Amino acid sequence: MNYEGQICRAPMERSSFMLPVMVGCSYNRCKFCNLFRHLKYRELPMEQIEDELRRVKNLGGMPKKIFLGDGNAFGLKTEQLLKILEKIHNYFPECQCINMDATVTSIRVKTDEELRILYEQGVRHLYLGIESGLDDVLNFMEKDHDLDQAYTEIKRLQDAGLIYDAHIMTGVAGHGRGRENAEAMAEFLGRTHPKHVVNFSMFLHKEVPLYKEVEAGRFVPADELENLREERTLIERLNVREEQSVLYDGFHDFIEFRVRGTLPHDREKMLAKLDKAIQRYEEESPIYSLVYGECPNLERCEDHMPVWEMNK
């Protein structure tokens, strides 16, 4: 497959056949994201999509799960999505579910009837980049929604039978606000009941707009110790009933740490693993998840009052 750009999908989709239907992201404005900034967004022609389906079919492929790429495939017009779904079912009648990334706005522009039809045609999991439980953070990071809008659209998609999965991001609220964000995120997730939660602890890329906010002193990044503590608070506070179990997967790629399990069943095991990592990094100098170079305005980061210590 000739795939343009970086392949990015939730770990739950690792066994899925990834079918590209677009290049880049139709939104592509989140301040922290660099996945698609080098790409010019465009929808792939149906002929190219069908060629890929035919190629996999001719190789003997019989995928039961298909993930539509790239960023925000649910943002395609319903008419286009239905054409793609029809092609998928023609080539792979054994396919049981078709999943994709979405945004709150891409749900909002679809009617209840369109959501119902998409469900009937095999769409199941929508991965939403919720990122933060704080409205001011969502606004600063130029997300496409606020919390009230997210509550409304998630209920609409769930009423249609679709499954909501949440992408979140420790560190997104910046230095000193980890506990606040974790508590707000726990409330949001507790009320919206995602099936999966994927936490990609925030990286700071030099080429994204957020880096300039750090240089200007308008955003102070959290270090990895803060991110681990934030994640611990989230897992501790997230109220999940046994019958609404949530699969949680948290990544801290910069320090090569990962915690995963099913809540509430694995809560204590996950907290113990985080406690061990926290104890380790309490003994080290602050580590920032930077892809390039040193933390800009590092003196400013170090001079800030350690709010985490105040709130313990």
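**A tour from cysteines to cavities**

C95 is buried, with a relative accessible area of 9%. Select C95 to start. The model you have open is predicted.

**Stop 1: the cysteines**

Which cysteine sulfur is closest to that of C95? The one in C97, at 6.2 Å, which is too far for a bond.

Now select C30 and C33. The closest cysteine sulfur to that of C30 is in C33, 6.2 Å away, so this pair is also too far apart for a bond. C30 is buried, with a relative accessible area of 10%. How many disulfides does the model have? The count is zero.

**Stop 2: the sheet**

Switch to a cartoon view. Eight strands form an open sheet. Trace them in this order: β1-β4-β5-β6-β7-β8-β9-β10. The pairing is mixed. Colour residues 17-20 and 257-263. These are β1 and β10, the edge strands, and each pairs on one side only. On average, neighbouring strands of the sheet are turned by 20° against each other, direction ignored.

Strands of a sheet pair through backbone hydrogen bonds, either parallel or antiparallel. Zoom in on A166. Its bridge partner in β8 is V197. Keep V197 in mind for the last stop.

**Stop 3: the largest cavity**

Rolling a probe the size of a water molecule over the atoms shows where empty space is left. How many cavities of 30 Å³ or more are there? The count is three.

The largest cavity holds about 80 Å³ of space. Select M202, P221, A222, N227 and S289. Of the 13 residues that line this cavity, these are the closest to its centre. By class, the lining has eight nonpolar, three polar and two charged residues.

**Stop 4: the second largest cavity**

Return to V197. This residue, the bridge partner of A166, also lines the second largest cavity. The space inside is about 50 Å³. What classes of residue make up this lining? Six are nonpolar, four are polar and none is charged.

Conventions
Residues numbered from 1 in each chain as written. Predicted model: local features only at pLDDT ≥ 70, side-chain atom pairs only at ≥ 80, totals over all residues. Heavy atoms only, no water. 1 Å grid on protein atoms, 1.4 Å probe; cavity = no way out; pocket = protein on both sides within 12 Å on 5 of 7 lines; lining within 4 Å. Points joined across faces, edges and corners; volume = space filled by probe spheres on them. Nonpolar A, V, L, I, M, F, W, Y, C, P; charged D, E, K, R; others polar. Disulfide = S-S within 2.5 Å. Buried < 20%, exposed > 50% of the residue type's maximum accessible area, 1.4 Å probe, protein only. Pairing = 2+ DSSP bridges. Helix = DSSP H or I, 4+ residues; strand = E, 2+ residues; numbered from the N terminus. Axes fitted to C-alpha atoms, helices over the stretch in contact; angles between N-to-C directions.
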